[in-house]
Amino acid sequence: MTAGMTFGNNAPDASPYADEGPYGTPVVQHKKAGLTRRGKVAIAVAGVAIVGGGTIWFQVHSAAVAKDEKEAAALQVQMKKLELEEMRIRNEQASTDKKAATAATEKIQAAVDKCVKDSSGQIGKGYGSPSRSDVVADCKQQYETADGSGMQAAGSSQAAGNEGGGGINSPALLGLVAGGGLAVAVFARKGKKADA
């Protein structure tokens with residue numbers, strides 16, 4: 001009997017060598033490992049997009065950095081110009097102040113010299129008459145405070161003292177404030193003891 005033929009109710013022979021088809025055992029085709037053609041195209045497109053996008057981003061980023069660096073350099077140049085302008089103005093002010101101080105000093109010296117010359121007739125005239133150094137010191141004191149700054153300070157302090165017609169002077173005000181502070185401290189301490 002041939003394999004695969006059955007007579008009656010017998011089950012077919014389950015031999016491992018039995019043919020399953022008219023042409024023998026069918027050949028099983030295994031699929032190749034890897035991507036399909038569509039997958040390869042998709043990966044190629046994605047790679048090109050990533051590389052192109054990265055290149056464009058890098059160019060844009062480089063341009064932005066270069067622009068920021070130019071703006072920073074321009075700002076530094078502008079700041080240096082402003083610093084130089086400020087230094088020029090300060091130098092001009094210092095020069096003007098020095099000239100004004102020199103002129104004021106020369107004016108005071110001329111006035112002191114004139115005062116000493118006018119007072120030279122009193123030097124050494126007898127008992128109690130001033131010496132030359134006393135006359136020079138007196139003239140210096142008289143004219144060095146008369147240049148305006150000393151007189152302004154004296155005038156403003158005198159005006160502050162005369163305001164209000166005999167008002168509270170600074171020592172009295174200081175004593176009043178100190179006394180008030182002491183009273184507040186004593187009452188606060190008594191309040192703490194009462195709460196405890």
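Analyst: Happy to! Let us begin with the length of helix 1: at 1.5 Å a residue, its 83 residues should span 123 Å, and its end C-alpha atoms are 121 Å apart, which agrees. The expected span here is 1.5 Å times one less than the number of residues. Helices are DSSP runs of H or I with at least four residues, strands are runs of E with at least two, and both are numbered from the N terminus.

A word on the source: this is a predicted model, in which local features need pLDDT of at least 70 and side-chain atom pairs count only at pLDDT 80 or more, while totals for chains, interfaces and linings use all residues. Residues are numbered from 1 along each chain as its sequence is written, and side-chain values use heavy atoms, with hydrogens and water left out.

Now the wider setting. The protein has 4 helices and 0 strands, so its elements run α-α-α-α from the N terminus on. Of its 196 residues, 4% count as buried, where buried means under 20% relative accessible area, exposed means over 50%, and partly exposed lies in between (1.4 Å probe, protein chains only).

Back to helix 1, which covers residues 37–119. Its buried residues are Ile 108, Val 112, Cys 115, Val 116 and Ser 119. An α-helix has 3.6 residues a turn, so residues three or four places apart point the same way. The buried residues of helix 1 pack against helix 2 (132–144). Where the two helices meet, helix 1 brings Ala 111 as well as residues such as Ile 108 and Val 112, and the helix 2 side includes Val 135, Lys 140 and Tyr 143. Contact means heavy atoms within 4.5 Å.

How are the two helices arranged? Helix 1 and helix 2 pack at an angle of about 140 degrees, with their axes 9 Å apart. Axes are lines fitted to C-alpha atoms, for helices over the stretch in contact, and angles run from 0 to 180 degrees between N-to-C directions. Helix 1 and helix 2 are therefore oblique to each other, since angles under 35 degrees count as roughly parallel, over 145 as roughly antiparallel, 65 to 115 as roughly perpendicular and the rest as oblique.

Finally, zoom in on Val 116, which is buried at a relative accessible area of 9%. Leaving out residues up to four places away in sequence, Val 116 touches Arg 132, Val 135, Val 136 and Cys 139. The C-alpha atoms of Val 116 and Val 136 are separated by 6.0 Å, though these residues are 20 apart along the chain.
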